[in-house]
Amino acid sequence: PGAAATPTPRGWVPADVDPATLTPDQPVPVRFAGTLGGSTVTGSAWLVRRSAGGLVAFDPRCTHAQCAYEWTDQARFACLCHAAFFDIDGAVISGPPPRPLDQFGLRETNGRVELEVPADFSTPRPDA
């Protein structure tokens, strides 16, 4: 058997959001930027304050083909590259994705939100 792949290094970067302004169960896109391993990493995530408590940060890339997705008026995430839909918890409703939406690690300290992202993060594809 071959050697296992080396995992991509991850690190904590600040998100551009005041967590006190988040409405429960209303996903919002948030920007993040920081330096990891000497390289600048920038991007976005979908942040959800759950009505049951706690915050969740979803990776903005669909788990099917790494396309961007959005929150819709039908209260679901929609990736229009291949007609994929996810619920507010990131579970697949329909379409070709092989698994739920990926999540970033998240911590909230002194009114700041930080996300744990891979050092090689790249923005989602707008379409396929």
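Does Asp59 count as buried or exposed, and at what relative accessibility? At 5% relative accessibility, Asp59 counts as buried, where buried means under 20% relative accessible area, exposed means over 50%, and partly exposed is in between, with a 1.4 Å probe and protein chains only.

Before I go on, the basis. This is a predicted model, in which local features need pLDDT of at least 70 and side-chain atom pairs count only at pLDDT 80 or more, while totals for chains, interfaces and linings use all residues. Residues are numbered from 1 along each chain as its sequence is written, and side-chain values use heavy atoms, with hydrogens and water left out.

Back to Asp59. Asp59 lies in the loop between strand 4 and strand 5, the latter being residues 70–71. Strands here are DSSP runs of E of at least two residues, numbered from the N terminus; helices would be runs of H or I of at least four. The side chain of Asp59 makes a polar contact with the side chain of Arg61 at 2.7 Å. A polar contact is a pair of N or O atoms within 3.5 Å; within protein, one must be able to donate a hydrogen and the other to accept it, and residues adjacent in sequence count only if both atoms are side-chain atoms. The Asp59 and Arg61 side chains also meet in a salt bridge, 2.7 Å from N to O, meaning a side-chain nitrogen of Lys or Arg within 4 Å of a carboxyl oxygen of Asp or Glu. Arg61 counts as buried too, at 13% relative accessibility. Leaving aside neighbours within four places in sequence, Asp59 is in contact, that is, has heavy atoms within 4.5 Å, with residues including Tyr69, Asp102 and Phe121.

Next, strand 4, residues 55–58. Leu55 and Ala57 point one way, Val56 and Phe58 the other, and all are buried. In a regular strand the side chains alternate between the two faces of the sheet. Strand 4 runs antiparallel to strand 3, with 4 bridges joining them; two strands pair if DSSP finds at least two bridges between them. Val48 stands opposite Val56 in strand 4. Strands 3 and 4 form a hairpin with 5 residues between them, and Gly53 in the turn has a positive phi of about 110 degrees. Strand 4 is also joined to strand 9, residues 103–109, by 2 bridges, again antiparallel. Phe58 has Gln103 as its bridge partner in strand 9.

There is also an open sheet of 4 strands in the order 5-6-7-8, with antiparallel pairing. Its edge strands are strand 5 and strand 8, residues 92–94, each pairing on one side only. Between strand 6 and strand 7 there are 3 bridges, and Phe77 stands opposite Phe86 in strand 7.

Now the other salt bridges. The structure holds 7 of them. Asp89 forms one with Arg50, the closest N and O atoms being 3.3 Å apart. Asp89 lies in the loop between strands 7 and 8 and Arg50 in the loop between strands 3 and 4, so the pair ties together parts that are 39 residues apart in sequence. Asp89 counts as partly exposed, at 46%. Arg99 forms a salt bridge with Asp102, with closest N and O atoms 3.0 Å apart. Arg99, at 37%, counts as partly exposed, and Asp102 is partly exposed at 27%. Salt bridges that share partners join Asp25, Arg50 and Asp89 into one network.
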